[in-house]
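Dear colleague,

Please find below the structure that I am handing over to you, together with its sequence. My findings follow directly after it.

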Amino acid sequence: MTAIEINNVTKHFGKVCALDDVSLSIDQGELFGIIGPDGAGKTTLFRILATLLVPETGAASVDGFNTLTMMRDIRKRVGYMPGKFSLYQDLTVEENLKFFATLFDTTVEANYDSIRDIYSQIEPFKNRRAGALSGGMKQKLALSCALVHKPSVLFLDEPTTGVDPVSRKEFWLILQKLRDAGMTIIVSTPYLDEVRQCGRIAFLNKGKICGVGAPDEILNEFKDVFCPEPLSHSDEAKLSEDNDVIVVDGLCKTFGTFHAVDHISFRVHRGEIFGFLGANGAGKTTAMRMLTGLSQPSGGKATVGGYDVSTQYEQIKKHIGYMSQKFSLYEDLKVWENIRLFAGIYGMDDKEIASKTDSLLSRLGMSEHKNTIVKELPLGWKQKLAFSVSIFHKPDVVFLDEPTGGVDPSTRKEFWTLIYEAAAEGITVFVTTHYMDEAEYCDRISIMVDGQIKALGTPSQLKSQFGVNNMDSVFTMLARKAQRKSD
Amino acid sequence: MILRYLIEKEFKQIRRNAFLPKMIIMFPIVIMLVIPWITNLEIKNISLLVVDNDRTTTSQRLVHEMEASNYFIFKGMSSSYDEAVKEMEKGNADIIAVIPQYYSRDLVNGNPTNVLIASNSVNGTKGAMGASYLSNIVVPSTGKLPISVLNLFNIYQDYKVFMIPALMAILLILFCGFMPALNIVGEKEVGTIEQINVTPVGKFSFIMAKIIPYWVIGLVVMTICFILSWAVYGITSAGPLAVIYLLAIIMALIMSSLGLIISNYSSTMQQAMLVMWFCMVCFILLSGLFTPVRSMPDWAQYLTEINPMHYFIDAMRIVFIRGGSLFEIMPQFMALMSFSAVMGTWAVVSYRKNN
């Protein structure tokens, strides 16, 4: 039986064509993946199906109900989990769930069975505010909220972006169970391991459906986009070890009684690409904030480029670059204006800025976008630009905090090409990521669990140490041992 | 040097904002064109009933004079005082004038005579003002002029002259207080402030880059106000403009520092907006802008002493209306200078790049 039928749907936003004559049919009980680059029209499609948008032409039906004429029926039987912001950060876990139950005129108790699997995992924290949960837990809560009225169709728009691999695996186990129970699930995701777990997938690009079929077929057909050749990367050790840029010795950070970072020690060599991994809430961001001079350590010692993080943090700031997971350029400035601003901050003069801006943009292939407002660039471009701006002043070290969240594999590969170029110029790269294929690209990696570093070495060393053949398994083995379930 | 790039960025952002440039032009225009008319404390259009028990040419001349005054709406004659009071109870009259019998005879003979003025004092100001206007008409007609009144500085007692310098102060609060506060909290919410914090931009440069653009905007707004008040109302400053601009610069510094202090302690727009709004209402009501400070209770008068707005409005009125020079506003000027020193330092100190 067909659960969802989309016929020739088109939608424009101004001049931009978000969906162009899209037709698709999804069977009941299917776990259907929608993949495609940022700005491909995935969210627009979800919003049309969830009756939040009206298509210009064409029609869509969900569970046999037309999205235009019978939206009330649809809203009763659909669960929708938008990519972000679907929870009230100031309400507790339980209050959030109760609120969503009330919206659908039901109670948590009445439908407890349907959400038991997921909710039991977060129930111990039911009095905690949603804003204080880790990424993985937030997603579980959001899913519980979307399921509390027993929907027959579930729409999930990139539910696992920014979530660590272990939490993602748990999340997908839940989805499998729901599918087995007969629920129709449509999900979009940038992660290939998740794509492979779908029954069928559709590849959406620039508003058009390029292909529908089994995951392997589609990934194979469009392998330029999804499975780019891995970057060749020599495993040889970089430069001499006595030339360390970052030296961390027993660094701590406590918030009240909570040890966010618990005596970590490591060294990063000059010119190295150092992967700093860990589950959501393991303390990565806190550690990085101390190293970048944004936060004072509670104990221990660390130097960056020879400067002490607790006293000489203003000196450190002259010698580092930083790119955060929150997008860090000014969206209302033009491309060249952003470059000019940050170059000016690091003390370059007008002439130098002008000539370097042009050469940078031509290297990125963005020369014709010099006068584009940054807001209008696609996400992947913004990230490449933000990275280039963060190393524009040739810092000793560049800190990258989840720089590639939510981008498709080919764009991520381009991004990593830039990272290699920077490393070749002698810039040390300190990077956090949730993509385990990216972890393999690093010279050395550390894995943080519960505020401590539990593993440190080259990717191949770690794989042989734990007797597995990929980084994903190494990470999963370590992160599963985590004692504290949340941050 | 860094400052230049930061300020350039602020101006670009303001210009690119769909709303702000329009507001910078429209706000002073609306405030200057509309508010001076409605914040008028002059009492006009008082309904007047007259009871003439004399009915002579003299009494009739007095009635005509009352009729001719543009402060009153002449509601006609009543046959008796009681009837007139009934009318007042119905709300048809605010004030009653009773001309006694033998009014003209007593006047001619030089005997004391009394015109009774009864006013509805539910609205105290209206009643008192009406009564005093009316007595101004009655007293000269008796041939005696016991008091002479000389209105200094604001000869025609025009309320606009009194209000315009104060309205400029309100505009300065709005532009120099709210905008930098919302600007910094906005950067916090988007996350770009984090990016600035990992660069070598110093606290002082960062804060100055946030203040200076709003200083400039504040002065532009002031200038628009001066041009409008001259073109529309024909009101110009009696004192030197340079002193007024100097005052405005200091006030703008105080207000933008306040905005920055508030934003440094708030994490969301809502918080910053609410606290700023609270401060602004207190400042305005405790400044003597609408109500004279001297008629406030003692404790409130002490409060006005820690209100920079109070000194600013005082000084503005002294210079703008009375034509005072910098020398005459020295106490206010020194007070404002100390406020700006304290607030400015607080703004820089409370901004934390490292915690």
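Predicted model: local features only at pLDDT ≥ 70, side-chain atom pairs only at ≥ 80, totals over all residues.

The crossing of the pair is left-handed. On the side of H10(B), the contact includes B:Ile250, B:Met251, B:Leu253 and B:Ile254, as well as B:Tyr265. H14(B) contributes, among others, B:Leu336, B:Met337, B:Phe339 and B:Trp346. By class, the residues of this contact comprise 14 nonpolar, five polar and no charged.

Helix H17 (residues 459-466) and helix H18 (residues 471-479) of chain A cross at roughly 60°, and their axes come within 9 Å. H17(A) is therefore oblique to H18(A). This crossing, too, is left-handed. A:Pro459, A:Leu462, A:Lys463 and A:Phe466 of H17(A) meet A:Met471, A:Val474 and A:Met477 of H18(A). The contact of H17(A) with H18(A) has six nonpolar residues, no polar ones and one charged.

As for chain B as a whole, it contains 14 helices and four strands. Its C-alpha trace spans about 90 × 45 × 40 Å along the principal axes. The radius of gyration of chain B is 27 Å, whereas a compact globule of 355 residues would have one near 20 Å. Of the 355 residues in chain B, 35% are buried. Among contacts in chain B with a separation of 6 or more, 78% join residues 24 or more positions apart.

One buried position in chain B may be of interest to you. B:Gly130 lies in helix H6, which comprises residues 124-141 of chain B. B:Gly130 counts as buried because it has 24 C-beta neighbours inside 10 Å, and 20 or more are required for that term. Apart from its neighbours within four places in sequence, B:Gly130 is in contact with B:Ile43, B:Ile46, B:Asp94, B:Ile95 and B:Ser119. B:Met316 is 186 residues away from B:Gly130 along the chain, and the C-alpha atoms of the two are separated by 30 Å.

The two chains also touch. In total, 24 residues of chain A are in contact with 18 residues of chain B. On the side of chain A, the elements that give two or more residues are helix H11 (313-318), strand E16 (320-323) and helix H12 (335-345). H12(A) gives the most, with five residues. The residues on this side of chain A divide into nine nonpolar, eight polar and seven charged.

Finally, I draw your attention to two loop residues. A:Asp450 has a phi near 50°, a positive value in a residue other than glycine. A:Asp450 lies in the loop between strand E19 (444-449) and strand E20 (452-457) of chain A. With 19 other C-beta atoms within 10 Å, A:Asp450 is partly exposed.

In chain B, the phi of B:Arg55 is likewise positive, near 50°, and this residue is not a glycine. B:Arg55 is placed in the loop between strand E1 (46-52) and helix H3 (57-68) of chain B. B:Arg55 has 14 C-beta neighbours inside 10 Å and therefore counts as partly exposed.

Yours sincerely

Note on methods: Residues numbered from 1 in each chain as written. Chains lettered and ligands numbered in written order. Rg over C-alpha atoms; globule rule 2.2 N^0.38 Å. Buried ≥ 20, exposed ≤ 12 C-beta atoms within 10 Å, placed from the backbone. Contact = placed C-beta atoms within 7 Å. Left-handed = near helix turned anticlockwise from the far one by under 90°. Nonpolar A, V, L, I, M, F, W, Y, C, P; charged D, E, K, R; others polar. Axes fitted to C-alpha atoms, helices over the stretch in contact; angles between N-to-C directions. Parallel < 35°, antiparallel > 145°, perpendicular 65-115°, else oblique.
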